[in-house]
Amino acid sequence: ILGQFDDGNHICGCGRSIRSCALEPGVPRRWCPRICGCGKALVDCELWRCVQSQVFHETLPRLDLSELGRFSIDGMRHRPRALLRLKRQAQLPAPQGSEAEHYAEALRRLYSALADITGAKIVIDSSKVAMHVCLGARFADVRAHVVHLVRDPRAIAYSWRRRSIDEVISGPTRVAMNWMASNLAIESLRRPDDDCGYTFVRYEDFIRNPKWTLEAIGRELGVRGHVLPFTDARTLHMEGNHTVAGSPSRFRSGDVQLVPDDEWREKMPARERVRATVPAALLLRRYAYPLRGD
């Protein structure tokens, strides 16, 4: 949520104030919400300034946005206790506690403002936080469709290992445990008595045929007659965007070829591969991943 403290200092999606979210003074993190996908500082992006103005045009009841920011970060920590709390919350008829109520209302306003300002019929929340569906859809009268995208945890562990950013790099075991918890949290949202849609996609299947996969998802969402910007089966023509978070690749534009990233299969040390496999063994089988990872 793009909010602000009483002194006008904005909260970054990483939980820090926007002014302190930098590698060094004056140098923003390109991979963090400090910079919009359009290349401008988030606080200078016309679209997000307009969204913020509409979302917070009047004060939410008793809303402490710094407290709200901490609540959103807590929802991203896929630990056993957090997972159990989410599962209990998913069974409730309404959110309990001021933080949950305020967060649900803020999500409702945010999604509505994005739809009104952009004219979009579908708003994509790419935050990967189960709590957003739990609160935003169930408690804020937002119709949701979950696209559950899964990737082999060994590939994720290897990806973290090769990054060179000033962030605490998780080891293979912790990556696998977080992978288990986050996927179980998403699975808990799939209930037969709920009108929240659900689509399961493996990254490995998507990257083999991205055009067909995205068209299939579009059909499930009821999007028909819209031509995706593919120049061929694997090449996507990217225009400017206003994504708030993600990897540096979100700043790319023009023709982008989607190709598999399988470097981990050859370069990941055997010991690290085992450490990323054992904690995730249960879901590896469920998602049709071989235990050997070959």
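Colleague: Let us begin with charged side chains. Which residues are linked in a network of salt bridges?

Modeller: This is a predicted model, and that should be kept in mind throughout. To read a salt bridge, one looks for a side-chain nitrogen of Lys or Arg within 4 Å of a carboxyl oxygen of Asp or Glu. Here Arg202, Asp205 and Arg208 are linked in such a network.

Colleague: How many salt bridges does a search of the whole structure find?

Modeller: The search returns eight salt bridges. One of them joins Glu187 to Arg286, with the closest N and O atoms 2.5 Å apart. That pair links distant parts of the chain: Glu187 belongs to helix α7 (residues 172-187) and Arg286 to helix α12 (residues 281-286), 99 residues apart. Arg286 is partly exposed, at a relative accessible area of 45%.

Colleague: Which residue forms a salt bridge with Asp152, and is Asp152 buried or exposed?

Modeller: The partner of Asp152 is Arg154, and their closest N and O atoms are 2.8 Å apart. For burial, one compares the relative accessible area with a cut-off: under 20% is buried, over 50% is exposed, and partly exposed lies in between. Asp152 is buried, with a value of 2%, and Arg154 is buried too, at 0%. Another salt bridge, between Asp262 and Arg265, has its closest N and O atoms 3.7 Å apart. In that pair Asp262 is partly exposed at 38%, and Arg265 counts as partly exposed at 31%.

Colleague: Let us turn to the cysteines. How many disulfides does a search of the whole structure find?

Modeller: The search finds zero disulfides. The test is whether two cysteine sulfur atoms lie within 2.5 Å. The closest cysteine sulfur to that of Cys45 is in Cys36, and at 3.8 Å it is too far for a bond. Cys50 is likewise in no disulfide; the nearest cysteine sulfur, that of Cys45, is 10.0 Å away.

Colleague: Is Cys45 buried or exposed?

Modeller: Cys45 is buried, with a relative accessible area of 0%. Cys50, by contrast, counts as partly exposed, at 37% relative accessibility.

Colleague: How should I read a helix? Which residues of helix α1 are buried?

Modeller: An α-helix has 3.6 residues a turn, so residues three or four places apart point the same way. In helix α1 (residues 46-55), the buried residues are Leu47, Trp48, Val51, Gln52 and Val55. Viewed down the axis of α1, these buried residues fall within an arc of 130°, so they line one face of the helix.

Colleague: What of the surface? Which residues make the nonpolar surface patch?

Modeller: Ile122, Ile124, Leu221 and Val223 make a nonpolar surface patch of about 340 Å². One of these residues, Ile124, lies in the loop between α4 (98-118) and α5 (130-137). Ile124 is exposed, with a relative accessible area of 72%.

Colleague: Where does Phe230 lie, and with which residues is Phe230 in contact beyond its neighbours within four places in sequence?

Modeller: Phe230 lies in the loop between α9 (210-220) and β5 (235-238). At 12% relative accessibility, Phe230 counts as buried. Once neighbours within four places in sequence are set aside, its contacts are Pro210, Lys211, Leu214, Thr235, Leu236 and Leu258. Phe230 and Gln257 are 27 residues apart along the chain, and their C-alpha atoms are separated by 9.6 Å.

Colleague: In which strand is Met238 found, and which residues does Met238 touch?

Modeller: Met238 is found in strand β5 and is partly exposed, with a relative accessible area of 29%. Not counting residues up to four places away in sequence, Met238 touches Arg252, Ser253, Gly254 and Val256. The C-alpha atoms of Met238 and Phe251 are 9.5 Å apart, the two residues being 13 apart in sequence.

Colleague: Finally, how many helices and strands does the chain have?

Modeller: The chain has twelve helices and six strands. Of its 294 residues, 43% count as buried. Among contacts in the chain with a separation of 6 or more, 67% come from residues 24 or more positions apart. The chain exposes about 17100 Å², of which carbon and sulfur atoms supply 52%.

Terms used
Residues are numbered from 1 along each chain as its sequence is written. This is a predicted model: local features need pLDDT of at least 70, side-chain atom pairs count only at pLDDT 80 or more; totals for chains, interfaces and linings use all residues. Side-chain values use heavy atoms; hydrogens and water are left out. Buried means under 20% relative accessible area, exposed over 50%, partly exposed in between (1.4 Å probe, protein chains only). Helices (H or I, at least four residues) and strands (E, at least two) are DSSP runs, numbered from the N terminus. The arc is that of the directions from the helix axis to the C-beta atoms. Patches are made of residues with over 30% relative accessible area and no salt bridge: like charges are joined within 9 Å, nonpolar side chains (Val, Leu, Ile, Met, Phe, Trp, Tyr) within 5 Å. Accessible areas come from the Shrake-Rupley method with a 1.4 Å probe; for residues, only the protein chains shown count as cover. Contact means heavy atoms within 4.5 Å.
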